[in-house]
Amino acid sequence: MRLKTTILAFLLLITSGPVLWAQQQRFPMPEFESGYQYPDAKLPGSGSLAMEYFDVGILVLLLAVTSWLAIKKRSRKWILLLMTGALLYFGFWRQGCICPIGAVQNVALGFSDPTYAVSWFIIALFLLPLLFSLAFGRVFCGTACPLGAIQDIVVVRPVRVPVWVRKSLGMFPFVYLALAVLFATTGTDFIICRYDPFIGIFRMGAEFHLIVIGIGFLLVGMFVARPYCRFFCPYGALLKTTSIFSKNHLSITPSQCIDCKLCKDSCPFDAIDHPTDPKVIGKMKDKTKHFLLYAALIPLLIVVGGWAMSSAHIFLARANPDVYLAHLLVRDPSVMEDLDNLDVQTFLGSDRTVDELVNDATAIQATFRSGAWFTGAFIGLVAGLFLVSQFVIRRRDDYQPNRGDCFSCGRCFKYCPVQK
Amino acid sequence: MERKKTKNRREFIRSSMRFGMVLALGGVGGLAFRNAAAGKSVWQIDPFKCTWCGRCATHCVLNPSAVKCVHAYEMCGYCDLCGGYLKVGHSDRSTAAENQLCPTAAINRKFIEEPYYEYVINEDLCIGCGKCAEGCTAFGNGSMFLQIKHDICVDCNECSIARVCPSDAIKRINGPDPYLMKGDFSEPA
Ligand code: SF4
Ligand code: SF4
Ligand code: SF4
Ligand code: SF4
Ligand code: SF4
């Protein structure tokens with residue numbers, strides 16, 4: 001018995017190399033006398049391609065109808081209905097991965113890795129909401145986005161968030177976006193997907209901490225409306241930027257604002273801009289100096305941001321599995337004896353040498369160094385523009401939705417007493 | 001008069017920015033489309049790279065995992081002493097549970113004719129742990145291997161097993177056939 005085990009173990013050792021077993025079939029398939037026919041391995045396909053056309057069709061339809069509902073029909077009721085439908089379909093039924101937010105990473109990786117073919121479907125998902133945003137504002141956030149929808153329906157008692165908190169936290173989506181692109185282009189990780197707080201709820205099951213975070217977001221979201229949308233969503237950063245320059249946008253009033261102030265506090269997301277205080281307009285001249293000063297600071301911020309990020313590149317690169325493993329092996333070669341460390345043991349069993357691994361890791365680290373420079377520079381630019389924008393005074397005479405922040409939810413319509 | 005001028009200027013800035021952004025999006029989209037794949041792209045395991053580490057059973061977002069053992073019958077030797085079915089050291093070939101390698105007893109052994117046996121995976125029981133595939137590859141023909149079953153997989157944007165696979169065996173593949181089968185004894189090019 002003992003001997004047999006040893007022989008078998010020996011066999012295992014000499015044969016389990018991937019090269020050897022690829023070469024010979026140890027036991028040829030028998031010639032059956034009984035006329036036995038082997039069964040087919042059952043390999044069902046993955047939903048048809050038609051389903052993807054259907055999903056893109058649904059998305060376009062949703063975006064178009066929402067644009068019409070928000071700008072022409074002005075109906076919160078219908079928007080709410082569509083939003084619920086989209087939540088059920090894209091969220092709970094298709095289970096959340098038909099998602100333009102995550103598609104950012106696929107598109108980014110497609111640019112950096114020519115062997116990675118992004119499917120046309122994902123590119124369409126990425127582009128459509130942005131194009132609609134340029135034309136009609138953030139109608140995607142209004143109904144089609146399941147992440148937005150699930151937060152929108154739990155809003156019960158929205159509190160005002162102080163403007164400085166709102167504005168500074170509102171920069172985080174840009175940072176998140178920049179980091180997501182960095183991690184995606186280096187082939188390291190899709191952090192947006194990994195930290196999607198609601199996917200666990202849509203699938204009714206995920207790692208425990210993700211469910212907790214998701215429920216936490218919803219609980220907070222009862223009071224701080226749409227917290228993920230406002231302070232995290234990296235795609236929201238793109239939608240915001242495009243929506244600011246949108247061709248058409250919903251308005252609170254169906255015709256002319258009479259400054260009755262009735263809608264003043266109706267937006268749970270603090271997205272209504274108030275008429276400019278005449279006192280502030282008087283001070284416009286003083287602000288010009290500040291404006292110029294901060295504008296001159298932008299290049300400095302870009303350089304500082306780039307420098308700071310790229311000096312953190314070693315730390316950032318650690319998220320890459322190859323780099324991590326190389327560090328581990330170089331720092332502490334004794335892990336090689338740790339039989340429980342699956343990654344190390346698999347690596348030792350492969351035909352890659354430590355030198356090769358270290359070379360690969362060094363190359364990845366170098367990509368991180370330059371990539372992190374761009375990431376930092378971008379963050380610096382955003383911070384600079386944010387500072388400068390504090391000194392731009394827009395003269396406004398009426399109450400208007402802020403084009404960057406408005407999610408086209410339609411709640412404010414009913415507060416306006418003006419008839420068409 | 002002055003207000004009107006500001007308004008016009010604002011509108012001008014807005015429309016030029018919009019124009020710029022349409023161009024930028026068009027550029028990004030156009031470049032991305034050039035390299036785009038027409039078919040559906042799905043996650044799949046390269047059976048020649050997989051080392052049956054066991055993470056497929058534990059790291060899928062689904063429980064039980066969307067990864068299942070697939071049996072390529074045309075490669076199978078129909079061995080009586082099946083390395084994928086029996087634990088090493090249990091040569092008495094009894095089908096008693098303690099002799100079976102599979103932790104969930106998901107493999108059915110059926111007598112065909114002397115001395116050949118057919119092994120069929122019961123997918124409802126299989127958890128994708130890969131023990132059978134490892135045994136079959138070590139002692140048999142390697143006709144058992146792991147694949148992501150696409151009737152089960154929800155096609156995560158990033159497969160959470162791919163992220164932790166120590167052999168880097170899980171990739172997105174394109175094309176009409178979403179499986180990487182080990183049909184013959186050559187590695188897929
Ligand atoms: S901000 Fe992001 S999460 Fe919120 S609705 Fe818009 S795209 Fe969805
Ligand atoms: S439509 Fe826009 S401004 Fe009006 S309540 Fe909704 S998010 Fe606020
Ligand atoms: S994680 Fe990778 S190596 Fe481990 S069983 Fe799955 S495919 Fe095989
Ligand atoms: S040993 Fe593991 S992979 Fe093989 S049939 Fe059983 S559960 Fe499935
Ligand atoms: S894509 Fe998702 S569901 Fe499919 S095998 Fe990977 S983790 Fe499991």
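## Interfaces and ligand shells in a predicted two-chain model

Domain 1 and domain 2 of chain A bury about 1,200 Å² between them, 82% of it on carbon and sulfur atoms, where buried area is the accessible area (1.4 Å probe) that two parts lose on being put together, summed over both. Of the area that domain 1 of chain A buries against domain 2 of chain A, Met171(A), Leu182(A) and Thr188(A) supply 36%, more than any other three residues. This is a predicted model, in which local features need pLDDT of at least 70 and side-chain atom pairs count only at pLDDT 80 or more, while totals for chains, interfaces and linings use all residues. Residues are numbered from 1 along each chain as its sequence is written, chains are lettered from A and ligands numbered from 1 in the order in which they are written, and side-chain values use heavy atoms, without hydrogens and water.

Twelve residues of domain 1 of chain A are in contact with 16 residues of domain 2 of chain A, contact meaning heavy atoms within 4.5 Å. The domain bounds, which come from an automatic or database domain assignment, are compared below.

| Chain | Domain 1 | Domain 2 | Distance between centres (C-alpha atoms) |
|---|---|---|---|
| Chain A | 1-21 + 47-257 + 402-420 | 276-395 | 23 Å |
| Chain B | 1-39 | 41-174 | 52 Å |

Between the chains, 70 residues of chain B are in contact with 76 residues of chain A, and the two chains bury about 6,300 Å² between them, 62% of it on carbon and sulfur atoms. The count between chain B and chain A is one salt bridge, a term that requires a side-chain nitrogen of Lys or Arg within 4 Å of a carboxyl oxygen of Asp or Glu. That salt bridge joins Asp343(A) to Arg55(B), with the closest N and O atoms 2.9 Å apart.

The shells of two ligands can be described by residue class, with Ala, Val, Leu, Ile, Met, Phe, Trp, Tyr, Cys and Pro counted as nonpolar, Asp, Glu, Lys and Arg as charged, and the others, Gly among them, as polar. Around ligand 5, where a residue is included if one of its heavy atoms lies within 4 Å, the residues include Trp43(B), Cys60(B), Cys153(B), Cys156(B) and Cys159(B), and the shell divides into eleven nonpolar, one polar and no charged residues. Around ligand 2 the residues include Cys267(A), Cys406(A), Cys409(A), Arg411(A) and Cys412(A), and this shell divides into nine nonpolar, two polar and one charged.
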